Amino acid sequence: MAAAPSNVLLVDDEEDFVEMLSLRLQEIGETVLAASSGKQCLEILAATEVDVIILDVKMPGMDGIETLEKIKQAHPLVEVIMLTGHGTIESAIQGMKLGAYDLLLKPADFGELVEKLNRARQRKQEQMERIRDAEASKP
Amino acid sequence: MEQGRRVNGIELLLVDDEKDFREILVKRLGRRGFKVGALESGEAALVRMQEQPVDVIVMDVKMPGLNGIEALKRIKEDHPATEVILLTGHADTQDGVEGIKAGAFDYLSKPVEIEHLVRKITQAQNKIRRFRAAQQETEFRERITQQMVVAERLAALGTMASGVAHEINNPLAVIQDAAGWLQQILAKPEMEGMARRADFEKALDRIHKAVQRARRITQQLLQVVKTQTAELADPAGMTDVRLRELAEEAIALVEAEASLKKVAIHLESRAPHPVAWTDPYQLLQVLLNLLTNSIQATPAGGRITVSLQVSVEAAKIAVQDTGSGISPDHLTRVFEPFFTTKGVGQGTGMGLYVSWGIIARLGGLITVESQVGQGTTFTITLPVKK
């Protein structure tokens, strides 16, 4: 499925959740990285190429919105899907206005998650292709 | 209902055994604008009070059979709010004093001076009017207080329930994905020959279904809480809704269920085209919920009436059934989350809670009245466009 090597980064302070979701995504052939805080997320991003981030809105310390803003500043092409509970939908929507690709309501249906993940990845790859084409046609 | 009839006027009755006196007094009072019924004995007055009580009685003390004082005592037992003016013999103050002790409004001695009697009757009428006004005010205040208590209770419960729902959602997600992971593994080709494979699949399926059920509950809870915190609904969803069409749609959707239970549903509208300013989809959800509840509570041969009313202030939709009714101690709790009298697995107790949340968010009010064995009425009050 993932033709080009592609990394998914899961960011959530609930470690059991991150572990289980990682295992499921790995089971369908994804390469998954995990972070339990916004800070850790940014550290991984600085060192590793990531295509799509699944980012929890509500985390202690640096929350999802703040993390998203920092991600978009440093890595504008990375696609972000906001993971949200019912109480934080407003924040997730704000996240989409700040450049997140979509949002997922917790507890998310796995099929839906995979679908959104694939679409986000596709968008990123298309954007990368356009950039490559533009660079190739440079005089 | 009885109150409605009584509020309209104050009924007056004259009781005296002397026919001529009665007729003259009825005529003279009639000329002064009083409509008076007349009876010839204390016994007749008691019968009348049982059948069709009056508010003010002018009664002679000296009558054969049951005298005025005795009749007064008996009337006051069952009708403490009825005022009795006694007519005593000339200079017979003893009877008058005894009458006052027994609860008479006042006494007048014969021969009666008409102006004096008119003044007394008017005073008694005023007293009754004041009493009724005070009674209505008390009832109104009690109703408002009760509604406030219910609303506060629901808000507090909602806060707690949403906290619980939030905390439950995280472990639920873990359970869901752990079970989902195992299902994925089972689906791998290399797992095909696994021992007791069907048992694993069965157990995982049950876990999956239970998680779905728990998810629905937490979502409903959080939906209501969202409605509480978001104050009013998004005005974009609000529009002029024709209530008759909406009610017809709701009735059509539950018709099959109702006819299966042999319950008839009627739609009544006092206005030709009742319209409310609201969100049609959310209102339909609430109506369906109320109708389904009513159908379940109503035995075969019963009847559900949906009635629509509009005024310049508000639109009202009432769903009235001839079902089993709700006992008074349950009545204050029907809007609480998880409150149900149905068996395990039959109902989550969320329907009315969710309905209450929706109507509150639409800027309306939902109230309930019920009589055990008679039936229940839910009334939705919604704003109209000014």
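Author: Leaving aside neighbours within four places in sequence, Phe335(B) is in contact (heavy atoms within 4.5 Å) with nine residues: Val150(B), Leu154(B), Leu352(B), Tyr353(B), Trp356(B), Ile366(B), Thr367(B), Val368(B) and Phe378(B). This is a predicted model, in which local features need pLDDT of at least 70 and side-chain atom pairs pLDDT 80 or more, while totals for chains, interfaces and linings use all residues. Residues are numbered from 1 along each chain, chains are lettered from A and ligands numbered from 1 as written, and side-chain values use heavy atoms, without hydrogens or water.

Phe335(B) belongs to the largest nonpolar core, which has 51 residues. Such a core is a set of buried Ala, Val, Leu, Ile, Met, Phe, Trp, Tyr and Cys residues joined through side-chain atoms within 4.5 Å; buried means under 20% relative accessible area (1.4 Å probe, protein chains only). Along with Phe335(B), the members that touch the most others are Ile265(B), Leu291(B), Val306(B), Ile317(B) and Ile380(B).

Leu291(B) is one of the buried residues of helix α9(B), as are Leu283(B), Leu284(B), Leu287(B), Leu290(B) and the polar Gln282(B) and Ser294(B), among others. Helices (H or I, at least four residues) and strands (E, at least two) are DSSP runs, numbered from the N terminus. The 18 residues of α9(B), 280-297, reach 26 Å from first C-alpha to last, close to the 26 Å expected (1.5 Å times one less than the number of residues). At the start of α9(B), a side-chain oxygen of Asp279(B) comes within 3.0 Å of the backbone nitrogen of Tyr281(B).

Ser370(B) counts as buried because its relative accessible area is 17%. Its side chain makes a polar contact of 2.8 Å with that of Thr376(B); the term means N or O atoms within 3.5 Å, and within protein one must be able to donate a hydrogen and the other to accept it, with residues adjacent in sequence counted only if both atoms are side-chain atoms. The side chain of Ser370(B) also reaches the backbone oxygen of Gly375(B) at 3.2 Å. Not counting residues up to four places away in sequence, Ser370(B) touches Gly325(B), Ile326(B) and Leu331(B) as well as Gly375(B) and Thr376(B).

A second core is separate and has 22 residues, including Leu10(A), Val18(A), Val52(A) and Tyr101(A).

Methods. Buried < 20%, exposed > 50% of the residue type's maximum accessible area, 1.4 Å probe, protein only.
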